[in-house]
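Hi everyone, thanks for coming. Please have the viewer open, and we'll walk through a few places together.

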Amino acid sequence: MAELKFCCITSGKGGVGKTSLAVNLAFTLARQGHRVLLVDGDLGLANVDVLLGLEVKANVRDVLDLGADPQATVIYLGPNLGILPASSGVPEMANLSPEDQQDLEEVLRVIAAPFDLVLVDTGAGLGPAVLWFNRLAHHSLVVVTPDPTALTDAYALIKVLFQQYQRRHFLVVLNHVQGEPEALQTFSALDRAVKRFLGFTLNYLGAIPTDQAVKLAVRNQVPFITRFPQSKASQAVERLATRLLNLGSDPQVSHSRKPRVQAVT
Amino acid sequence: MPPLRPKPACPWEKDNCPVLAELLRLQKECRRLKELSRTDPLTGLYNRRYLLTALEQEMERTRRTGLPTTLIMLDLDHFKKINDTFGHPFGDGVLRRVACLLKSNIRKIDIPCRYGGEEFALILPGTRLSQGRRLALRLRGILEQAWTEARHKTGPITASFGVDTYTGREALTPEDFIHRADRWLLVAKARGRNTVCLPEASPSQPEVGLSSEERRLFYLSPPSCDKTGESYG
């Protein structure tokens, strides 16, 4: 289990590009030969399976109650890419008792076992499911845009996870930036606020520039990484993927009780 | 169904007009088939096909009028055991009695359906979540009480309930809506059955507790407040 990278893609605010990042990151990593499981943790909203017209054969409840095969809950989009749709019964579990949550955690581990990497696309806000997934994850990717409301919501999420679950490791991804200077400037605003009020530093994972290709790809319902592999956004996601993979070998930057040393900037 | 229109007259004022007789017969047959196509033969409730049609209409009404539509999904607990122990004819009798209890405890405007097997659906037009919850709780109690008399060898027959409300704020198909209520039904099953589950009125979000200073962090603050010289713009 130690090698398995469980990454939560989260944001506090909705509409900052969480799902888009999760999907494109998953496709990128799968194309590089890593076995990736994408978990749609977005409760009851846009369900990946509905969008893609996929059929869910069993849900997580069937696994817990009836002993159904856990692997039947996963839909494969390619040899390396599995999807666990929200409709597979995960969301409501977050509202269940601690014992049930533990059972679910076990099932998720079984489902995740054949994969190298698990990416969870959480919903927006600070609901119980969002916090639950983040608590489970080795890495929390926080997606923000330079918009002050997005920054405030991201800060609030970080504060809650820090205060309630003592999490102090966050990888920040800047989305919709005009260039690297703006990305770094926005990151440092968030980083300074966290340092000042919460007393730890954030990690900068990377930035995705505003790109017409993203808009076009969304309209065509395909990941921009497959439709426009040469676009600025695709290249940025590829760099993110590389950094994410390299992080895993560094114990200092994943959630652990060891003290952190240095921010990766 | 709306009442029959008054009998049309024969344009040639013929008595015993065969064309008119045939017309009336077809009209009657048409009504009978229409009724048949939307009814579940065992329980006399509406069937699944009509559930989807009616839900589509009520959801459109919600979108236009803003009046919420509530959906209750209920499923009898351990029904397979009853069928296995007492036989299917007995099980059918139980389903008919449940249908009867449902029908006699809802309003005239509500639409009771058999969703399939031992699962039922109730569409409650113009009904808020809290009202739907109250009805579900009442029905749960009624069903629980219905089989407690000594002559019923089955012991209590109970049901689990999932309730959800459509407020028209999001785009949702009838199937999605059923699926959402069904999820709460699954939660009710998971919580030990014979219970009602529904979305919480105010989702239990933890207190974030941002100070007013934290709240203003990322906005351009007026120069007088910016004592440290840092700007978080």
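Let's start in chain B, with two helices. Helix α3, residues 79-86 of chain B, and helix α4, residues 88-104 of chain B, have axes that come within 6 Å and cross at roughly 135°. How do α3(B) and α4(B) lie to each other? An angle over 145 degrees would count as roughly antiparallel, and the crossing here is roughly 135°, so α3(B) and α4(B) are oblique to each other. On the α3(B) side, the contact is made by B:Phe79, B:Ile82, B:Asn83 and B:Phe86, and on the α4(B) side by B:His88, B:Phe90, B:Gly91 and B:Val94. Sorted by type, the residues of this contact are 5 nonpolar, 3 polar and no charged. This is a predicted model, by the way, so please keep that in mind as we go.

Staying in chain B, let's look at the sheet. In what order do its strands run? The order is β2-β3-β1-β4-β5 in chain B, an open sheet of 5 strands with mixed pairing. At the edges you'll find β2 (111-116) and β5 (196-197) of chain B, each of which pairs on one side only. Look at β5(B) for a moment: strand β4, residues 159-166 of chain B, pairs with β5(B) in the parallel sense over 2 bridges. Across from B:Cys197 in β5(B) stands B:Gly162. Helix α5, residues 129-146 of chain B, packs on this sheet and touches β1 (69-76), β3 (119-124), β4 and β5 of chain B. The direction of α5(B) makes about 165° with that of β4(B).

Now for the nonpolar cores. The largest one has 81 residues, and those with the most contacts inside it include A:Cys7, A:Leu119, A:Val142 and A:Leu190. Take A:Leu190 as an example: leaving aside neighbours within four places in sequence, A:Leu190 is in contact with A:Val144, A:Leu151, A:Ala154, A:Tyr155, A:Val172 and A:Leu202.

My last stop is A:Asn24, in helix α1 (residues 18-31) of chain A. Is A:Asn24 buried or exposed? Buried takes 20 or more other C-beta atoms within 10 Å, and A:Asn24 has 25, so A:Asn24 is buried. Beyond neighbours within four places in sequence, A:Asn24 is in contact with A:Pro223, A:Phe224, A:Ile225 and A:Val237. A:Asn24 and A:Ala233 are 209 residues apart in sequence, yet 9.8 Å apart in space, C-alpha to C-alpha.

Conventions:
Residues are numbered from 1 along each chain as its sequence is written. Chains are lettered from A and ligands numbered from 1 in the order in which they are written. This is a predicted model: local features need pLDDT of at least 70, side-chain atom pairs count only at pLDDT 80 or more; totals for chains, interfaces and linings use all residues. Axes are lines fitted to C-alpha atoms, for helices over the stretch in contact, and angles run from 0 to 180 degrees between N-to-C directions. Helices (H or I, at least four residues) and strands (E, at least two) are DSSP runs, numbered from the N terminus. Angles under 35 degrees count as roughly parallel, over 145 as roughly antiparallel, 65 to 115 as roughly perpendicular and the rest as oblique. Two residues are in contact if their C-beta atoms, placed from the backbone, lie within 7 Å. Ala, Val, Leu, Ile, Met, Phe, Trp, Tyr, Cys and Pro count as nonpolar, Asp, Glu, Lys and Arg as charged, and the others, Gly among them, as polar. A nonpolar core is a set of buried Ala, Val, Leu, Ile, Met, Phe, Trp, Tyr and Cys residues joined through C-beta atoms within 7 Å. A residue is buried if 20 or more other C-beta atoms lie within 10 Å of its own, exposed if 12 or fewer, and partly exposed in between; C-beta atoms are placed from the backbone. Two strands pair if DSSP finds at least two bridges between them.
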